Amino acid sequence: MNCITHNDVPAVASCQHCNVGLCSECVHSFLQTDNKPLCKNCSKVYVDANLEMLHSELAGLKTKKIIWSIILVLGALLIVFDITSATSSGLMIVGILVWSLAGFIDRFRKKRENPDVQWAIKSSVIEGNLLARGDSTIWFYWLGNFLVTLTIMLIRGIFFPFFYLYFMLTADKKVKTEIARIKELGESLN
């Protein structure tokens, strides 16, 4: 079998996706995935697919920035209202809890895509054992889980302005750098 690009040169490898022959020059000229070469056409498809994915990720980051900005303003308004009111109404805690909600959609999506099976098994075994015994300690177990979750939410809410600032300053840079790198790879294929 000869190289698809250089018809008179024998192939030393084949494209990972379409199995056409590639000479050693083509193997080193085009892209590789998992250390396996791609032909020129498959390399272009790979570049285009990655660019499309990165652009949709960038659009998702813009949406996330808007949502986080709304959460920041809403939480800040609640906290400022509580500080400026004559009596403490507990709105400061509510504002901090509002701040802690930022990122829950992303975390929920990640957990749904990659669930922590060991935690789910452990949790259901503990709850099942407590319920099967008819033990009233199940209420303490649930209360403990609730208090731990509430504490984590309050801590996350307190530090949310720092997370927000870091996210606003760095999120786009990583994706834009990767887009520039992929575009450069695409240009080198032409």
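Helices here are DSSP runs of H or I with at least four residues, numbered from the N terminus. The views come from a predicted model, in which local features need pLDDT of at least 70, side-chain atom pairs count only at pLDDT 80 or more, and totals for chains, interfaces and linings use all residues. Residues are numbered from 1 along each chain as its sequence is written, and side-chain values use heavy atoms, leaving out hydrogens and water.

**View 1. F159 and F162 in helix α6.** Three residues apart in helix α6, F159 and F162 are separated by about one helical turn. Rings of Phe, Tyr and Trp (its six-membered ring) pair if their centres lie within 6.5 Å, with planes under 30 degrees apart called stacked, over 60 edge-to-face and the rest tilted. That rule gives five aromatic pairs. One of them joins F159 and F162, tilted at 45° between the planes and 6.3 Å centre to centre. F159 is partly exposed at 42% relative accessibility, while F162 is exposed at 57% (buried is under 20% relative accessible area, exposed over 50%, partly exposed in between; 1.4 Å probe, protein chains only).

**View 2. F160 and Y164 in helix α6.** Take a look at this pair: ring centres 5.9 Å apart and planes at 50°, so it is tilted. The two residues lie four apart in helix α6, about one helical turn. F160 is buried at 0% relative accessibility, and Y164 is buried too, at 17%.

**View 3. F163 in helix α6.** Here is F163, found in the helix that spans residues 137-189. Its relative accessibility of 37% makes F163 partly exposed.
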